[in-house]
Amino acid sequence: ANPSTRKKIRFLFDKAWQQHFVTNMFIRPSDEAELDGFDPDFTVINCCAQVDDDWERHGLHSDTAVVFNIEKKTAVVFGTWYGGENKKGIFSLMNYWLPMQGHLPMHCSANVGKEGDVALFFGLSGTGKTTLSADPHRALIGDDEHGWDHDGIFNFEGGCYAKTINLSEATEPDIYRAIHKDALLENVAIRDDGTPDYSNVSKTENGRVSYPIFNIPGYHKEQMAGHPSNIIFLSCDAFGVMPPVARLSSGQAMYHFLSGYTAKVAGTERGITEPSATFSTCFGAAFMTMHPTVYADLLQEKLDKHGSHAYLVNSGWSGGAYGTGKRMSIKTTRTCIDAILDGSIHDAEFQVDPIFGYEVPKSLPGLDDLLLDPKSTWDNQDAYDETAAKLAKMYSDNFKQYEGKGSIDYTKFGPK
C-alpha cells in the first residue's frame with residue numbers, strides 16, 4: 001500500500017482459480033491506465049502440475065519446490081496447488097528488500113481504532129492473526145503481512161486469507177460474512193446441496209478462503225496508518241503453562257520476538273496431525289531471508305522511538321497440556337485483546353511470573369480470575385511445575401543461537 005516501497009508483480013498461471021486468488025490477495029490497479037507500459041519488478045511462473053523428479057539430488061524434502069532467482073527477478077512454483085505459495089513467496093522477497101531501506105517487514109495482522117490507535121498481531125498460521133484482527137469495532141488494515149517505516153504501518157496485500165475449519169457466523173462473524181462475491185474457497189468440502197461444510201476435514205484441516213479486503217465492512221481503505229500503540233505476540237501454547245495474557249518489557253518483547261514460540265497446528269504443515277511445540281523466529285522463520293537479529297534490531301529501534309506496549313497472548317491450552325487441557329475459547333482471547341486495546345488492562349494489578357518473568361494481570365473484566373493463573377487450572381500442581389520448567393528449558397536452549405548476535409544480547413530477558 002505504500003507507494004515508496006510498492007513492487008509490481010506479474011503472475012503466470014495455467015489455472016484460472018489461481019489467477020483469481022492473486023487478484024484477491026494483491027493490491028489491484030486503480031484503473032487500466034495504471035497497467036500501461038507495465039514493467040514488472042518480479043515475475044512468478046506457477047507450474048503447479050509439474051514436479052521436481054530429481055528432488056533428492058537437489059537436497060529437497062519432496063518433489064515440491066518454490067525456487068527464486070533474485071538476480072533474474074523470477075520465481076517458479078513446482079508441484080503445489082496451494083494458493084498460499086503465491087503470496088508467501090512475495091512476502092519472503094519483501095523480507096529481503098525492505099530491511100535494506102531501514103524498514104521492518106512483519107508477519108502480522110493490523111487494525112486501527114476510531115482514535116487512530118494501531119494494533120499489530122504477530123503469530124504463525126493457526127494462532128488467530130486473521131480472526132482477532134477482524135474486529136467489528138476497529139478498521140482492518142490487513143490480516144497477514146505489513147511493513148513499518150518512518151511514517152507508520154502499511155499493508156503489503158489487498159486481501160485476506162483465512163482458515164475455515166469450523167468457521168461459523170457466531171464465532172467469526174466478519175470472516176463468515178466476507179464469503180460472498182469474489183471470495184474463493186480452497187480445500188473446503190461441499191455438501192450435496194452446494195453449500196460449504198466447514199466442519200468436514202476428511203481431506204485436510206487446512207481449509208481456506210481468500211477474499212479482497214473490501215469484503216470486510218469498514219476496512220481501512222488507505223491500508224496505511226500511524227505507529228502502533230500496542231504489539232501483540234500470539235502464541236498457541238501446547239503445554240498449557242502460559243497465561244491468556246501477559247505484559248512484556250521492551251527487552252522481553254525482543255526475546256519473545258526472536259523466540260517465536262507457538263505450536264504447529266494441524267493443517268498448517270505437511271505431516272502435522274496434532275499440535276507440537278516449535279520456535280519460529282520473528283513468528284515467521286520460513287519467510288525471513290536475513291538473519292533474525294536484523295529484524296529484531298529494527299523492531300527494538302521502533303519500540304524505543306514510538307513507545308509501543310507489548311503483550312504475549314496465549315490462544316493455546318489451559319488446565320493442562322494438549323490432550324489433557326482445553327483450548328482457550330475465542331471469547332476468552334477476545335476479552336484479553338479488548339482489555340489491551342481499550343486500555344483497561346493498565347488498571348489491573350499485576351504479578352510477576354516466577355519462571356518467565358512477564359507480568360500477568362490478577363483480574364480482567366469479563367474473565368475468570370482462575371484462567372489468569374495457569375497453575376491453578378491444573379489438577380496436578382507438581383505436573384504444572386515440571387511442565388513449566390520443561391518449556392523454560394526449551395526457550396533457553398533455543399535462544400542459545402542468538403547469544404552475542406545483533407546489537408543487543410537479549411538472553412537475560414528469558415526464563416530464569
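Q: What makes E5 and E6 a hairpin, and which residue in the turn has a positive phi?
A: Happy to start there: E5 and E6 form a hairpin with five residues between them, and Gly116 in the turn has a positive phi of about 90°. Strands here (E, at least two residues) and helices (H or I, at least four) are DSSP runs, numbered from the N terminus. This is a predicted model, in which local features need pLDDT of at least 70 and side-chain atom pairs count only at pLDDT 80 or more, while totals for chains, interfaces and linings use all residues. Residues are numbered from 1 along each chain as its sequence is written, and side-chain values use heavy atoms, with hydrogens and water left out.

Q: How do you know that E5 pairs with E6?
A: Two strands pair if DSSP finds at least two bridges between them. Five bridges join E5 to strand E6 (residues 118-122), so the pair meets that definition. The two run antiparallel, and Ser109 stands opposite Phe121 in E6.

Q: Which other strands does E5 pair with, E7 and E8 being the ones to check?
A: Four bridges join E5 to strand E8 (residues 145-148), again antiparallel, with Leu104 opposite Trp148. Strand E7 (residues 139-142) pairs with E5 in the antiparallel sense over three bridges, and there the bridge partner of Asn111 is Leu140.

Q: Why is strand E5 called largely enclosed by the rest of the structure?
A: Buried means under 20% relative accessible area, exposed over 50%, and partly exposed in between (1.4 Å probe, protein chains only). Nine of the nine residues of strand E5 (residues 104-112) are buried, so the strand is largely enclosed. Both faces are covered: Leu104, Met106, Cys108, Ala110 and Val112 are buried on one side, and Pro105, His107, Ser109 and Asn111 on the other.

Q: Why is the pair of Phe279 and Tyr395 called edge-to-face?
A: Rings of Phe, Tyr and Trp (its six-membered ring) pair if their centres lie within 6.5 Å; planes under 30 degrees apart count as stacked, over 60 as edge-to-face and the rest as tilted. The structure holds 25 aromatic pairs. In this one the centres are 5.1 Å apart and the planes stand at 75°, so the pair is edge-to-face. The pair links distant parts of the chain, with Phe279 in strand E19 (residues 276-279) and Tyr395 in helix H8 (residues 381-399), 116 residues apart.

Q: Are Phe279 and Tyr395 buried or exposed?
A: Phe279 has 19% relative accessibility, so Phe279 counts as buried. Tyr395 is buried too, with a relative accessible area of 0%. Both residues belong to one aromatic cluster, whose members include Tyr255, Phe356 and Tyr402.

Q: What makes Arg208 a charge over the face of Tyr161?
A: A charge sits over a ring if NZ of Lys or CZ of Arg is within 6 Å of the ring centre and within 35 degrees of the ring normal. Arg208 lies over the face of Tyr161, at 4.9 Å from the ring centre. Arg327 lies over the face of Trp317, at 5.1 Å from the ring centre.

Q: Why is Gln18 called buried?
A: Gln18 has a relative accessible area of 1%, so Gln18 is buried. The place of this residue is in helix H1 (residues 16-25).
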